[in-house]
Amino acid sequence: MTRLRHAALAAALAGSLVAAGCGSGFDDNGSTTTQQSAGPADLKIMIASSGDAETKAVQDAAAQWATSSGSKATVTPAQDIVQQLGQALAGSTPPDVFYVDAARFADYASVGALEPYAQGLDGVDSFLPNLRQSFTYQDKLYCLPKDTSTLALQINTDLWTKAGLTDADIPTSWEQLRTTAAKIKAKNITPLAIGDTRDRVGAFLVQAGGYWVSPDGKQATGDTAQNVEALTYVQGLLKDGLAKYPKALDTGWAGEAFGKGKVAMTIEGNWIKGALNADFPDIKYTVKELPAGPKGKGTLSFTQCWGIAAKSQFKQQAVAFVQAMTSAEQQLSFSKAFGVMPSRQDAQATYQQQNPSDAPFVAGAQYAQGPVNAPKMDSVLADLDAGLQGLQGGDPKALLQRFDKNAKTALGG
Amino acid sequence: MAGIRGNERPAGWLFVAPAVLILGLFMLLPILMALWVSLTRWNGQGSPFTGSVPFAGLDNYTKLFTDEGLARQDFMTSIRNNAYYVLLVVPIQTVLALALALVVNNRLLKGKGFFRTAFYFPSVTSSVAISVVFLFMFANGGAINAILAVFGIDGPQWFSDPRGLVHLFFDTPPSFLTEHSLFGLSWWDWLAGPSVAMCAIIALVIWTTSGTFMVMFLAALQNVPVQLEEAGLIDGASAWQRLRHIILPQLRPTTFLVVTLGLIGTWQVFDQIYVMSQGNPAKTTLTPAFLSYRTAFRDFDYGTGAAISFVLFLIIVVLTLVQRRLTRERN
């Protein structure tokens with residue numbers, strides 16, 4: 001009887017070995033991927049679409065490129081691109097071209113998922129330098145930025161006049177932001193809604209002359225006098241009720257609080273335009289550059305790039321596709337279709353002419369700071385966000401020291 | 001072996017072969033693969049079963065317990081959160097399910113069908129849909145806070161207040177609690193209690209799952225012979241005595257099942273966290289299952305992610321065994 005049980009166990013094990021053998025069908029042969037350099041390609045493109053408008057615009061552009069080049073191009077909008085890409089990369093069948101968010105870029109680059117095709121590519125100089133920096137890992141430019149958005153100050157003009165303020169009160173410095181906010185609060189209006197993440201509060205760090213990490217993304221620079229000054233300033237706004245986090249205003253994000261008319265000002269990016277149009281079409285507002293801090297103007301930029309998989313079979317055709325998608329003309333047509341800012345300097349002037357009200361965003365793109373572009377930082381940054389959520393009652397210096405400690409472990413290892 | 005029934009064994013194996021194959025292929029094999037991944041530093045590129053994947057030994061496990069750092073702190077925070085969650089959910093949902101079952105089993109109750117459906121309804125509704133409805137109810141200006149306001153209570157900011165319940169009542173920690181720490185969290189942090197956000201999730205889960213367990217208790221109650229209760233009545237036992245000494249002992253196997261399923265389900269809580277809070281505010285709703293997902297798919301640290309899920313698996317197995325031992329000793 002025991003012998004039979006052993007035989008059964010052996011059979012089961014053998015079965016699983018056979019299955020594992022089949023499993024090696026998805027074997028790692030990345031280094032020897034056969035390249036089809038010329039001729040028609042069958043490109044798979046995965047995008048993290050902001051909505052139907054973007055999906056359709058990219059699909060149309062891809063179809064146009066496919067006809068002119070004689071290749072096939074299939075655009076798939078992802079539900080959750082991080083997870084879907086993770087699965088595709090693990091199975092060695094990644095899409096040829098996909099969106100890579102600047103905040104996630106270093107993770108992909110450090111594990112060798114991305115082809116550094118943009119290094120030395122003709123015409124990369126026409127892309128904004130700080131965006132190129134966002135997609136540089138170990139001195140190599142990996143991919144071309146698709147578009148960009150920056151943070152600016154939105155002002156609800158109705159509440160502004162209700163609080164008895166004029167254009168002269170529009171804050172251009174931290175001191176003015178405080179005094180103006182105090183005037184608004186005196187009229188029982190919440191002055192400012194600001195998102196409780198590093199992606200909003202970080203702008204104050206840039207204005208104070210600091211940032212979470214060094215420009216090359218190799219060192220944590222949290223605990224500096226500049227950063228402490230910035231966080232103490234934001235903490236002061238929160239403590240005095242001059243600024244509130246969206247959750248305290250019962251909203252999902254600052255744009256919603258602004259759209260509902262709960263606050264006079266907010267700090268959000270280009271996307272707020274489309275969101276307000278769709279959800280709160282009646283609100284009247286104007287956009288200004290963020291107030292300057294002790295070290296001058298500063299804002300944050302957000303961007304995605306057209307990544308090409310290191311394991312793609314059609315790298316050359318993929319590069320041609322990306323170049324077609326990032327031409328000045330194509331970027332302008334994308335910005336018309338779904339309201340993003342071009343990532344090329346030579347397209348930005350035209351963009352500003354077409355969208356004069358976006359001037360503060362365009363201006364911000366010149367001096368903006370990109371997201372933290374170091375690998376393995378996601379949980380460290382999530383921890384930082386947890387700290388920022390409790391900033392009002394917390395200790396800025398301790399918060400920054402904690403970040404430094406965690407980031408050092410992540411960056412060192 | 002070679003009796004008249006000697007040939008039955010191979011035939012038996014033949015009959016169960018499809019089930020063994022399917023379970024082996026889709027359960028046992030993936031579990032073994034995940035176990036292997038938890039011993040490597042696989043970064044999610046290509047197959048984890050090649051020589052080029054660095055072998056980490058037990059590093060991924062020691063990182064969770066002995067190495068000082070964010071990984072251990074996050075893991076211990078998630079264990080703490082989930083422990084409070086289990087401590088509150090399992091007893092309450094078991095007692096509530098039993099109470100509901102006793103109510104709808106009552107022969108005097110009218111409209112039984114209606115109540116059975118009503119109590120069971122939350123269990124058959126999608127947990128994502130319920131989570132979203134609860135998000136609205138627990139909004140700062142939502143229904144719950146409006147009801148609290150009627151009684152003059154200023155409701156909390158449910159999903160943005162990171163303080164634990166215990167911390168809410170004792171503002172200043174005694175120094176001996178903050179000075180000592182265990183696994184990277186101070187005693188004061190361990191004793192924080194569930195945050196108000198976690199309490200909202202606890203309320204949701206109790207509400208949804210007690211219906212399922214009610215059905216189990218109900219089935220068991222209907223198997224209790226009426227004669228037993230009548231005998232108790234004749235002997236002059238009060239209603240409470242009949243419940244305590246006649247019905248509850250009869251329900252012991254079901255209670256064991258309900259508590260076991262409750263323990264397993266609560267340690268694995270994921271979808272409510274994913275939909276409602278993603279671990280926020282300030283990590284007070286982080287659970288091992290969600291942390292495992294985040295570590296693997298956000299940080300590309302598949303090894304640690306898999307290690308977390310195996311530790312979770314061990315916790316569940318050990319607790320179930322302990323619980324079995326406890327209920328058996330009383331027999």
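A:Glu54 forms a salt bridge with A:Lys146, and their closest N and O atoms lie 3.1 Å apart. In this predicted model, that pair links distant parts of the chain, with A:Glu54 in helix 2 (residues 52-69) of chain A and A:Lys146 in strand 6 of chain A, 92 residues apart. Over all chains, the count of salt bridges comes to 25. Side chains of opposite charge can pair when their charged atoms come close.

**Disulfide**

- The count over all chains comes to one disulfide.
- This disulfide joins A:Cys143 to A:Cys305, with an S to S distance of 2.0 Å.
- The link of A:Cys143 and A:Cys305 is left-handed, with -80° about the S-S bond.
- Distant parts of the chain are linked by the pair, since A:Cys143 and A:Cys305 are 162 residues apart.
- A:Cys143 sits in the loop between strand 5 (140-141) and strand 6 (144-156) of chain A, whereas A:Cys305 belongs to strand 11 (residues 299-308) of chain A.

**Interface of chain B and chain A**

- On the chain B side, 37 residues are in contact with 36 residues of chain A.
- The size of an interface is often given as the accessible area lost when the parts come together.
- Between chain B and chain A the buried area is about 3200 Å², and carbon and sulfur atoms give 56% of it.
- B:Gln45, B:Arg298 and B:Phe300 supply 19% of the area that chain B buries against chain A, which is more than any other three residues.
- One salt bridge is found across the interface of chain B and chain A.
- A:Asp383 forms a salt bridge with B:Lys283, and the closest N and O atoms of this pair are 2.3 Å apart.
- Helix 1 (8-37), helix 3 (70-105) and helix 15 (288-297) of chain B each supply at least two residues of the side of chain B that touches chain A.
- Helix 1 of chain B gives the most to that side, with four residues.
- By type, the residues of the side of chain B that touches chain A divide into 16 nonpolar, 13 polar and eight charged.

**Confidence in chain A**

- Chain A has a mean pLDDT of 85, and 90% of its residues reach 70 or more.
- Among the elements of chain A, strand 7 (residues 190-193) has the highest mean pLDDT (94) and helix 1 (residues 2-23) the lowest (45).
- Over residues 7-32 of chain A, pLDDT stays under 50, and the model has 19 contacts beyond four places in sequence for them.
- Where pLDDT is low, the predicted coordinates should not be read in detail.

Terms used: Residues numbered from 1 in each chain as written. Chains lettered and ligands numbered in written order. Predicted model: local features only at pLDDT ≥ 70, side-chain atom pairs only at ≥ 80, totals over all residues. Heavy atoms only, no water. Contact = heavy atoms within 4.5 Å. Buried area = accessible area lost by both parts, 1.4 Å probe. Salt bridge = Lys/Arg side-chain N within 4 Å of Asp/Glu carboxyl O. Nonpolar A, V, L, I, M, F, W, Y, C, P; charged D, E, K, R; others polar. pLDDT = per-residue confidence, 0-100. Disulfide = S-S within 2.5 Å.
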